[in-house]
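Hi there,

Here is the structure I promised to pass on. Have a look at it first, and my notes follow below.

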Amino acid sequence: MKHNRTHPEFDSSGSRRDFFARTSDGLLGAAFAWLFSQEMFSGQLAYAEEAEHESTELRQVYDLKPRRPHHAAKARSVIQLFMNGGPSQMDLFDPKPYLNNMDGKPFPGNVEEIGNQGTDDIGVMMGGRYKFARHGESGMWMADILPHTAKMSDELCLINSMWTDHPNHDNALYKIHSGRLFMGYPTLGAWTVYGLGSESQNLPAYVVLQDQLGPPKNGARNWTAGFLPPLYQGTPFRPTGSPILNLKQQYEQPTEVTETARTLLSSLDDIHRSKRNYYPELESRIESYGLAARMQLSASEALDLSRESKATHAMYGIGEDWTDSYGKRCLLARRLVERGVRFVQIFMEEQPWDSHADLAENHRGACLRTDKPVAGLLQDLKERGLLDSTLVIWGGEFGRTPTTQKSANGYSGRDHNMQAFTSWMAGGGIKGGTTFGKTDDFGHKVVENPVSVHDFHATILHLLGLHHQKLFFTRSGLEERLTGIHPPRVVTEILS
Amino acid sequence: MPHVAAEERAPVFEVDVLPVITRKCGACHSEKVQKGGLNLVSMTSVRRGGESGEALIAESLDDSLLWTMVDGGGMPPEGEPQLTADELGVIRRWLTMGAESTMPVEQADTRLTQHDILPIVLLRCTTCHGARIQRGGVDLRTPEAMKKGGKNGPALVAGDPDNSLMIQRIESNACPPRDQLLKYFVRRPGEAEVRVLRKWIAEGAQEYEILPDVATTEPDPLVTDEDRQHWAFLPPRQVTEHASIDGFLAEKLDAVGLAMAPEADRDTLIRRAYIDLVGMPPSLTDWKKWHDSPNADWYEQMIDELLDSPHYGERWGRYWLDLAGYADSEGGVSADPLREVAWKYRDYVIKSFNDDKPYDRFLIEQLAGDELVDVANEPVVTQDMVDNLIATGFLRMGIDQTGSRTMNFVPERLGVIDDAIHVLGSSVMGLTLECARCHSHKYDPIPQRDYYRLKAVFQGAYDEHDWLTFKNRYLSDATPEHQQRVAEVNPPLEVKLKKLTSQLKKAENEVRLELLRQHYPNQSEEDRTETLRALGVADNNRSLPQRILVEMLQTVELIPDEDQPHAVVEALHVVAQLEDEIASVVSEMEPPLKVRALWDRGEPSPTYVLLRGEHDKPGTLVGPGVPSVLTNGQTPFVATPPFPEGTPKTGRRLAFARWLTQPDHPLTARVLVNRVWHHHFGTGLVKSLENFGVKGETPTHPELLDWLAIQFVDHGWSVKELHRMMMNSRAYKQSSEVSEESHRLDPQNQLLSRMSLKRMDAESLRDSLLFVSGKLDNRSGGPPDAISVDRDGLVSIEPSKEGKWRRSVYLQYRRTEIPSLMATFDYPVMGPNCISRSVSTVSLQPLTMMNGKHVRELAVAFAERVESQLDEQSDDGGRVSLVYQMAFSRSPTDEERQLGLDALKQLRMKWKDQPEMSLVTYCHTILNSAQFLYVD
């Protein structure tokens, strides 16, 4: 096969632009588009420091080359531990003694301020279901069902004053991931790789690790590139079997036959191309066949957890009933970040934190599955010196109400609360041992230092060296931004 | 400097500022021309501001909109004379020193009118006190009706808000009732809104004669004649330079010293025409027919024959479905509910293309089919009447989350209406109308007012204050024959179906129980039945023990079928059988009478401009109208109820549709002609298919575009005639080979110095694969074909009983379940529609084509077909020839034949004890080759 990498078609910026403008929105398109860009732009692993940051305004070519940030970055990559369903702030991070005392009594305010689906199913006040204690040097409060995370509290910054705009899962999920309440907008991860590109040569820039029990609520819309060019969308690695669909041959055929078929194909394509000059897409197509083969190797290596020590496995709870699945994904996230992947999202199936019923037991289960792996991840990143450059984010799409809600088996859980919830961050530029923001006596509303979703996003971008105002994409003549029209606030108080 | 003293004294508007404004802003913001609704000639109008409703003057400089706009805010616009530093200084000093003026500011009339309170009442009250429901006998849609009130007396007492029932009920939170807020999707009025209601009542609840803002015979201050001079806003010009496509093209080629590429060979033309018009290669017989035809006009005959093929509508209808944003599901929420009988619209579109329905008629039906015939009052319903109603499905294709029990508030409804306007603008009008929703269009002369006039056109059918639920969007007008068939055929089948469905449910539970029994022999039978019960509870309402049970089940369900114990496999078999039986019963059923439509209900709410697009910031009352820039600005829009004696309808959409399809409409024919050109030649004459506005691409051949548009209309808006015109041109018959010269002088092929190589789109690729391998099921129309999602996220298409598949246009389009093969080849995500498909080259394509199971199965079938058509004496040479003829519609060259012979020989050797598999591998490789995927 003739591979002429310095073919004039590939060198003129015009055809490169054409080529990338056409990159797909196929399910896994981003990964491959990325591989392409590497192939075509030299194949050398380049670091961001070497590349000039091109203003997004001037950007004409869409690729995943590493880009220089707007300002010095604290974090180089992000691992987002997404807690779908909405964990309860007053049960896990934000103790409310007054609420505990009111347990079983009616809500003293206007119940309309609580109900999302009307007021019929609102029950009485519900005290926190677990014991709280102070942890670490900062004396951070945490519930006893997070014993492992508690040990890492000096690395964490709890933001107890998060709030969002919609009490529905669907919309709140769009909001927390893309800053908008509706479908079709790019997610934080997509904006990040649009702004910074990737530092990995053989892996996608933005990887999504799903639970083998099923996809999260809202599925692929949690990692969509929206209106950004599709190469910025997240690439989901399948939780079972081969990580990418059809990465391996799905039928029986001897290897020697496959090799002969490959040779035949390149001969056929060479004949085809020889009569068709000046069609760069034909060259690209041939390259894509070669790259498909290479992808198999690099992905397999990164995904091979057996290369890690027993001690590491144990740290993540791998091999233990409750923690095996989540632990593996956390370890995988570390291996990906280590290899230069920019943004990793870990999801659980559906929405395990959504506890309208039996909150005490359900949250216990969700904590059991995630607590040890999450702490293991933080510990492991720290030991390897990666925590300084990796921002870890933990949280869901909203919080929960101080009152109980009626469900099939009576009043034992909490409804959605968009007015207050807790998220935490750790690593890359975050001031550890911080508890930020305050809620009222019930944990129902924010009363001090509110952090909107836009503020949250602006802060994350800031840590990555991106300025929320300078990061935009022009669409139908409008500058679109992750953080919307009204200027957000970078929460400088939580930065180290 | 005219006013030296300005340094010492506070500047005054009339003396210091107005001259600057007149000089630099006056062209767009005067009494006569009011861009953005803004007039800057007097202090009164400056204080009033423009369409955003914000005054230009404020306490501080930073809050002053005037300052923000002139100080780096883009005013005056690029290209216009800018304010000098001195002029800026004057404005700045004036604003900071009290913004004084000599003339007293006329106190704007602050008395409230009914149009200050009606938007509030519509938003908060009329759901229960309006057209559909009149709780307590109260209708609040007019001041008169408010004064009349209901069984508890008048709703208001003019002059006395404290004693007005509506104020009392609102302030005590009795209205809207707490338990009904979500049921009727209303929110409580805010304090500011209650203040407005109180003030209006206190002022005597006055009703004034206020006419909606509509086009009149007076010149339009918001759009100038200069604005109307953009080429696309003027009617197509009758040109006489040339009488054919080739003439126009040759002129430009000549100018750079280029000529058209040589004509492509016959086989290339055959394949090109087939893929272009029907989306599949010719059968062996058809290929031979044209290949061997001795007729001089074989080519024209072939085009005619293809245009007559029923597959033509399946191919070209699909392009229209992209524009409409056709989907079989609502989208918006995770559940992504299915749209029953949306497919009737798909069939309508395919049929319309096959029948060559005149394009103007096609548009009128889709925009206003319900206003064409008063079906409800017709003695006999004909299929054409039903089709008119089905056609209006065009306006109901967008993403719609208003079926959700929490997402059906006015803002979401406005989003649905905006999608319909977006679809109309981008597909039919070549305008980005949706940009004018929140403020006047940034580039095109489309004031925000025009967006809302257009919204008023739809108000009779799409009323955010009188919204139809998903269930109520169906009409059941049907022909007597259809009704009879449904009555005869369906009842016994429904009984059967009910029985089978309940059997299936049992069988599925039996699988679950068997899974638990086999994998957890120690589990108690109670726990097993509890697991089944838990499955019936929504996952977020399950108790922990229930969650654990369900998870245990899910874990064993993950085990592949081939590794399951025998008993499980048997139980699964029973399920599969029942599913087949159900599918067969369903396929025997007559489609339901239902039609998914949009129809005018004759009672539109008033339409208000929404400031900044916000649902609770009403501005001017507007009436229906069309974008002023596409008219002379002095032509009133006249809509009359089409059935004065019959069903009440406004006739607004019909009037709009008639205006849109006037023969000399500046956009309608041009946009369509350009789109057809795009599909035949690879790019449009105007590259930006959806934007003919100021920021759109300039046409490469403006005269040709106009000539085609006029020809198209003159030929009765016939799309098939347009195909003939384009495909019979010499330009279309060019070879796709790029000569060095052509590449140098026409690198982007803008001059059409050759045909462009095209990659097949997802549908033609899949349909061609199926066709070549003999797995294409030719049945057309009806309910969409099911798709299935496996645990790994692979979305596949279910085959029919015969193990075949129908064409891709008949696939179920569910927004959350796009078939993997299709997605890989750029099948679109509708948001809300798709203007043109992207063409990607990514490695997932080779993985799908080389490693995927489905394409392999098709390769096996292809090889079997080849073998079955060979006679006994045939050798590998015969095989290679046949493969080429079937897949590529041509015979192999000597080089290719030799390559094939060598390959088959080697493959046979390497397959060792399965030499017959060599042909499968060969066929599979052929299907993977560039020659198959690309069309010359």
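Please keep in mind that this is a predicted model. I started with chain B, where the domain assignment lists domain 1 (4-96), domain 2 (114-202), domain 3 (245-308 + 664-691 + 698-745), domain 4 (358-476 + 599-660), domain 5 (480-592) and domain 6 (853-935). Taken over C-alpha atoms, the centres of domain 3 of chain B and domain 5 of chain B are 53 Å apart.

Next, the contact between the chains. Chain A brings 77 residues to it and chain B brings 68 residues. On the side of chain A that touches chain B, at least two residues each come from helix 3 (29-41), helix 9 (255-274), helix 10 (280-303) and helix 13 (359-383) of chain A. Helix 9 of chain A gives the most, with 11 residues. Sorted by class, this side of chain A holds 26 nonpolar, 33 polar and 18 charged residues.

Chain A also has an open sheet of eight strands, with mixed pairing and the order 7-6-8-1-9-12-5-13. Its edges are strand 7 (235-237) and strand 13 (434-436) of chain A, each of which pairs on one side only. On average, neighbouring strands of this sheet are turned by 20 degrees against each other, direction ignored.

A:Leu158 has A:Thr435 in strand 13 of chain A as its bridge partner.

Finally, helix 8 (residues 188-196) of chain A lies across strand 1 (77-82), strand 6 (206-209) and strand 8 (343-346) of chain A. Helix 8 of chain A runs at about 170 degrees to strand 8 of chain A.

Best wishes

Terms used: Residues numbered from 1 in each chain as written. Chains lettered and ligands numbered in written order. Predicted model: local features only at pLDDT ≥ 70, side-chain atom pairs only at ≥ 80, totals over all residues. Contact = placed C-beta atoms within 7 Å. Helix = DSSP H or I, 4+ residues; strand = E, 2+ residues; numbered from the N terminus. Nonpolar A, V, L, I, M, F, W, Y, C, P; charged D, E, K, R; others polar. Domains from an automatic or database assignment. Pairing = 2+ DSSP bridges. Axes fitted to C-alpha atoms, helices over the stretch in contact; angles between N-to-C directions.
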